[in-house]
Amino acid sequence: DLKPGTNSIPVSVSNGVATTTITINVARETAESTPNANVTPTTKTAVKNPTVQAKTTSPTTKTDANPSATQLKVEFVGGGELALNVAQEPNGVTLTWGKAMDPFQTYVIVKSTVDAAPYFPKQFWVKAINDVDVRTWRDTNVEAHKTTYYRVCKIKPDQSVACGNVSKVTLP
């Protein structure tokens with residue numbers, strides 16, 4: 001139910017990594033004060049002058065190469081955890097990686113054709129996966145004759161990040 005005057009309605013959508021919140025501002029006007037309205041004042045309301053404000057938030061406040069202590073904590077792990085392999089396929093590449101060793105919320109895959117050491121949050125993710133049992137992804141959007149660098153990271157429950165090794169591929 002809209003109240004008389006301006007009403008603000010927040011709407012949030014999240015993909016597990018970033019949350020977008022929009023606020024819809026609408027003014028309520030009864031049908032009696034709206035010329036030629038085909039509504040009954042007791043059952044319908046006309047919306048006048050709607051506006052939308054959008055805001056996107058993510059687990060990090062900045063995305064530079066050297067996160068400070070006030071930013072998202074990034075750790076680089078070795079061994080089999082998040083160990084990434086990239087295999088060329090006829091129509092792209094397939095990425096497979098080792099199982100995460102501790103609880104996490106989301107795998108994120110980062111990709112770059114210019115940075116040989118990509119990681120999240122320095123690069124934005126190209127794929128986010130919330131299923132802990134999924135450890136493969138196929139990239140069909142790979143440019144020929146360019147080297148592409150990939151890394152798999154995971155976002156932990158405390159919003160810190162752990163990233164595995166970098167793998168690269170150059171398609172003919």
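Me: Before the sheet, what counts as two strands pairing?
Reply: Two strands pair if DSSP finds at least two bridges between them. This is a predicted model, and in it 5 strands make an open sheet in the order β4-β11-β10-β7-β8, with mixed pairing.

Me: Which strands are at the edges?
Reply: β4 and β8 are the edge strands, as each pairs on one side only.

Me: And how much twist is there from one strand to the next?
Reply: The average is 30°.

Me: What holds strands of a sheet together in general?
Reply: Strands of a sheet pair through backbone hydrogen bonds, either parallel or antiparallel.

Me: Take β7 and β8. Parallel or antiparallel?
Reply: β7 and β8 run antiparallel, and 4 bridges join them. For instance, Tyr107 has Ile129 in β8 as its bridge partner.

Me: What about β5 and β6, how many bridges there?
Reply: Strand β5, residues 84–89, pairs with β6 over 6 bridges in the antiparallel sense. A hairpin through 2 residues joins β5 to β6. Leu84 has Trp97 as its bridge partner in β6.

Me: New topic. How many disulfides does a search of the whole structure find?
Reply: The search finds 1 disulfide. Cys153 and Cys163 form it, with their sulfur atoms 2.1 Å apart.

Me: Where do the two cysteines sit?
Reply: Cys153 is in strand β10 (residues 147–155) and Cys163 is in strand β11 (residues 161–170). The two are 10 residues apart, and the pair links distant parts of the chain.

Me: Are they buried or exposed?
Reply: Cys153 and Cys163 are both buried.

Me: Why is the disulfide right-handed?
Reply: The torsion about the S-S bond of Cys153 and Cys163 is about 105°, so the disulfide is right-handed.

Me: OK, aromatics. How many pairs are there?
Reply: Searching the whole structure gives 4 aromatic pairs. One of them is Phe76 with Tyr119: the ring centres are 5.2 Å apart and the planes are at 90°, so this pair is edge-to-face.

Me: Which parts does that pair tie together?
Reply: Phe76 lies in strand β4 (residues 74–76), while Tyr119 lies in the loop between β7 (106–112) and β8 (125–129). The parts tied together are 43 residues apart in sequence.

Me: Is Phe76 buried or partly exposed? And Tyr119?
Reply: Phe76 is partly exposed, with a relative accessible area of 45%. Tyr119 is buried, at 6% relative accessible area.

Terms used. Residues numbered from 1 in each chain as written. Predicted model: local features only at pLDDT ≥ 70, side-chain atom pairs only at ≥ 80, totals over all residues. Heavy atoms only, no water. Disulfide = S-S within 2.5 Å. Buried < 20%, exposed > 50% of the residue type's maximum accessible area, 1.4 Å probe, protein only. Phe/Tyr/Trp six-rings, centres within 6.5 Å; stacked < 30°, edge-to-face > 60°. Axes fitted to C-alpha atoms, helices over the stretch in contact; angles between N-to-C directions.
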